Amino acid sequence: MIFEERQIEKNNFSSRAIILFVIIMLSLLAVLIQVFTLQISGYNDYQIAALKNKNYTVPVQALRGEIFDRNGKVLIKNEPTFDLITQPNLIDDIDSFLDEIQPVIFLSESDKFQYKKLHKEKAFANKELVLKKDLSKKEIARFNVRSFNFKNAFIAKRYRRISEYPNIFSHVLGYTSRTEDAYKSMPEIPRSHWRDAELVYAQGLITGRTGLEEIYEDHLSGIHGERVYEINARGKLVQSLSLIKPSKGSDLYTNLDIEAQKSAAKFLGDRRGAVVAIDLDSGGINVLYSSPTYSINQLSNGMNEDDFQILINDADKPFFNRALQGRYPPASTIKPAIGMYGLSNNIVDWDFEMKDPGFFTLPETGRVFRGWRKGGHGKVNLQKAFLVSSNTYFFSLAYQADIEELSNHLKSLGFGQKVCLDCFDEDQALVPTPEWKYSIMNVGWVKGDTVNIGVGQGYLLVTPMQLANYASLLAKKGIFNKPAIVTQDKLKKPLKIWQDSRFNDSDWNKMHQALLGVIESDYGTARSIRDLKEFEVAGKSGTAELVSLDSKEAYQEVRTSELLRDHSIIIVFGPMPNPKYAVSVVIENGESGGAVAGPVAIEVLKSLINE
Amino acid sequence: MNKHFQKIYFDPYLFFSLLLLSGLGLFFLFSASNADFSIVLKQFVYVVAGFIIMILISQPDPDIFRRTSGLFLIFSFLLLGITYLFGPEINGAQRWVRIGPFSFQSSELLKLAVPIFLANFLFNKKLPIQRNEIFLSLLIIFFCFFIVFRQPDLGTALIIAFSGLFVLFLSGLSWTFMGGSLVLLILSSPFIWNILLQPFQRQRIATFFNQDSDPFGASWNIIQSKVAIGSGGLFGKGFGEGSQTQLNFLPETETDFIFSVIGEEFGFLGVLLLLSIYLFILLRCFYLALNARDRFCRLVIGGLTLTFAANLIINLCMVVGLLPVVGMPLPFISKGGSSLISLFFAFGIIISMSTHKKFLPQ
């Protein structure tokens, strides 16, 4: 090659090399700009993305608050036990696992069956499944020696929700159960992480289902903690990075009284019924008992299916909270309310007298409404009508009432509405009105319907809770606190619940006098309980008819069927003259209010007063 | 003879910058391998061997590369044949050949053999290069590309093709020819996509254009790489502190994605330092190419330098998300003996060509 040609070639090479070099520089610059975009401009986003990759937050379960009675005695507590806990996701073959562990920890056939069943249902929901609760020291020692054989099981301290009085407080305290939706309360932790929650309860994540456990769930449940783990790309936990400790739920101080509740349970026995007692100073509910009952300890801590079916299928319906949901005709216990209506509407006064022939005839149709005593009570005024529980007097009074006004009056006394501030699933029962009757039965209101209300029969239905509330109102002359189970400071000041300008103090005094006489006088219908106590008590008993009958002979036929027998009802307050407690008792198919429900009410009162 | 032994052919700029780069590489590898000392030790042996090879290769007069270029290419083909017949299949690809205790990726040899052979073929041709010379060169390039591509190893195949095309370009390929080829390439792209590319390669390219499509599947690598680099920030998270790296969110940390490790643990400043070392090496190589003693050396130094640059840029663009993912190590940093040895080999040739002066004009 000649020199010039070489020079041309060299120049050609140089220019092309420079072109390529410039391309390389531009490419490197592009890379640098991209790296700058990622590391400097996008730093925050990518830093968060990197943290999201590696940080795995799980909730740390908080202990629930405990529940106490009014004397500071514990009603429900967290009881620690040492449990054998398995990790379902690490168990390949349940049967061989159970066979292996059987010699170490004693397992009954039903334990195994129960475990297999839960394993099938819950293995995906929780990382833990308790195989056996409350291990003995011997079992713990045996397991610890062999623990290296069982990588999928460990022993840990776990709590159970335990009540010393699991049966008598079941309806009011309620039970807890495993929940799948606890994540709702902590939206910052993704739902899928809840299966890895650090648990303190053997039952896993639990929530209140009924009673106070449900009503005060937020108060009791506390705040779950958060533990942040570092995980690798395979999702394996590498190390714990941080822990926000859970804060235990607040304790709950109630007005409940263990001794009085025990009395209610003891004296009601195995009869179906309910007892409610209210502290008149505070409105605090001291007793809220429904019978029959069930064990909340069993329900909260895993009840086996057979026992559960027995409860569900029990004809006496133990889950039914009669104190709050039982709808009963108030019978004669309504008479003070009707009397108040008559007085404040000037239909009667304390001096008004009428003749009681033992029945009342409705002028419009000639229909006969009978009293409980054949031949009647002779001449009766209001005072005597309360004492002897004259039906004729109140039939006649109600006959003159305007049903709309009477309904409003009954509602103003707490009927037909929820009266308790913190009761679980309270029923409002029923104060009938013409509109209600028309909408339900498609027939109009007749005067006879109003007459029936005069003696607490017919469509009017009340709950034991409402009766206790009504008894408090009567005892406190209209100025009292709304009933509440839990002590609430802000409610210390009594509220004026009922007042009527035409119903003055002297009326109240006469009313108290009359209701005292029901129990304490020689003529009172509930005088049979007079000698059961050493203090004076006012009240009104009632016998709620389930079947409308014309004669006692006919009733003798009806009562052969137990479920058609009359309900026995009473409301009392005492000790007089400055009452401290009001009690209502309903005993289903108990017959004769004063003699049957009366003693239960008196025993509960005695327990409350003697403290 | 005495004089010949006394003089050691040596380029201090390249030597020390490569020493720095390899040293940093071992340092980064220690972190990228989750502190696996045996991996670092093995790589250290390769680095030492690489330096020895580089120094040895740079001693003889570069004329020897010209004279043996045909033999070298044939030897490379032979090794590829052996790989095809006897090589073990690893992850669905046949790339390795065993020589005693060492495995060698035989395609690495072609990265050297192709540019040297073409430089030898073209250096004494008149300008502009004639059509049959172009045709023959392209045939060789495509043949080499194809056999490596079939292994399959798209990354290396591309680098081999580039290495040949760079030499062809530098030796004076006409612009009109290049324009025509480009049009042809664009027209034939549907054919390349449908017939030549393997399904997984198509998937990678599709992923590149829609990076959010499948975050836990096909897009995982590139997303995690960007998160690693981005979360490094200005100063990085520190040596061994990169969560993306240490907790294995980042894939292939020791090989293809080691740059992301550097980005995560040493931040933008670390990246700047690394890129400036590369830039220095490239600048030095271009200086040497422009000042080479003859056309053959120019072409070889230019070709090898550009191959090195292409290798570097493809890896960088891939891990920062500017190019689809292809298997391509970061030169002098990524784990692996074959690529490292062949790089040192190439630099040995470059040093040989730039340090030997021509005694007699041709």
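In chain B, helices H6(B) and H7(B) are roughly antiparallel to each other, a label given to angles over 145 degrees, while angles under 35 degrees count as roughly parallel, 65 to 115 as roughly perpendicular and the rest as oblique. Helix H6 (residues 107–122) and helix H7 (residues 131–149) of chain B pack at an angle of about 175°, with their axes 11 Å apart. Axes here are lines fitted to C-alpha atoms, for helices over the stretch in contact, and angles run from 0 to 180 degrees between N-to-C directions.

Before going on, note that this is a predicted model, in which local features need pLDDT of at least 70, side-chain atom pairs count only at pLDDT 80 or more, and totals for chains, interfaces and linings use all residues. Residues are numbered from 1 along each chain as its sequence is written, and chains are lettered from A and ligands numbered from 1 in the order in which they are written.

**Where the chains meet**

How many residues does each chain bring to the contact between A and B? Chain A brings 34 residues and chain B brings 38 residues; two residues are in contact if their C-beta atoms, placed from the backbone, lie within 7 Å. On the chain A side, helix H1 (3–41) and helix H2 (43–54) each supply at least two residues, and H1(A) gives the most, with 21 residues. Helices (H or I, at least four residues) and strands (E, at least two) are DSSP runs, numbered from the N terminus.

**Two domains in chain A**

Chain A is divided into domain 1 (57–90 + 109–253) and domain 2 (259–300 + 326–609), with bounds that come from an automatic or database domain assignment. Their C-alpha centres lie 45 Å apart. Domain 1 gives 24 residues to the contact between them and domain 2 gives 20 residues. Strand E5 (153–163) and helix H7 (211–215) of chain A are among the elements that each supply at least two residues on the domain 1 side.

Ala, Val, Leu, Ile, Met, Phe, Trp, Tyr, Cys and Pro count as nonpolar, Asp, Glu, Lys and Arg as charged, and the others, Gly among them, as polar.

| Contact of H6(B) with H7(B) | 9 residues | 2 residues | 1 residue |

**Inside the fold**

The largest nonpolar core has 114 residues, and A:Val275, A:Val276 and A:Ala277 are among those with the most contacts inside it. A nonpolar core is a set of buried Ala, Val, Leu, Ile, Met, Phe, Trp, Tyr and Cys residues joined through C-beta atoms within 7 Å. This core draws at least three residues from each of domain 1 and domain 2 of chain A. Apart from it lies another core, of 112 residues, including B:Phe266 and B:Met328.

**Backbone details**

Which peptide bonds are cis? One runs from A:Gly574 to A:Pro575, with omega near -10°, and A:Pro575 is found in strand E20 (residues 567–576) of chain A. Another joins A:Met576 and A:Pro577, with omega about 10°.

A:Lys317 has a positive phi of about 50° although it is not a glycine. A:Lys317 is partly exposed, with 14 other C-beta atoms within 10 Å; a residue is buried if 20 or more other C-beta atoms lie within 10 Å of its own, exposed if 12 or fewer, and partly exposed in between, with C-beta atoms placed from the backbone.
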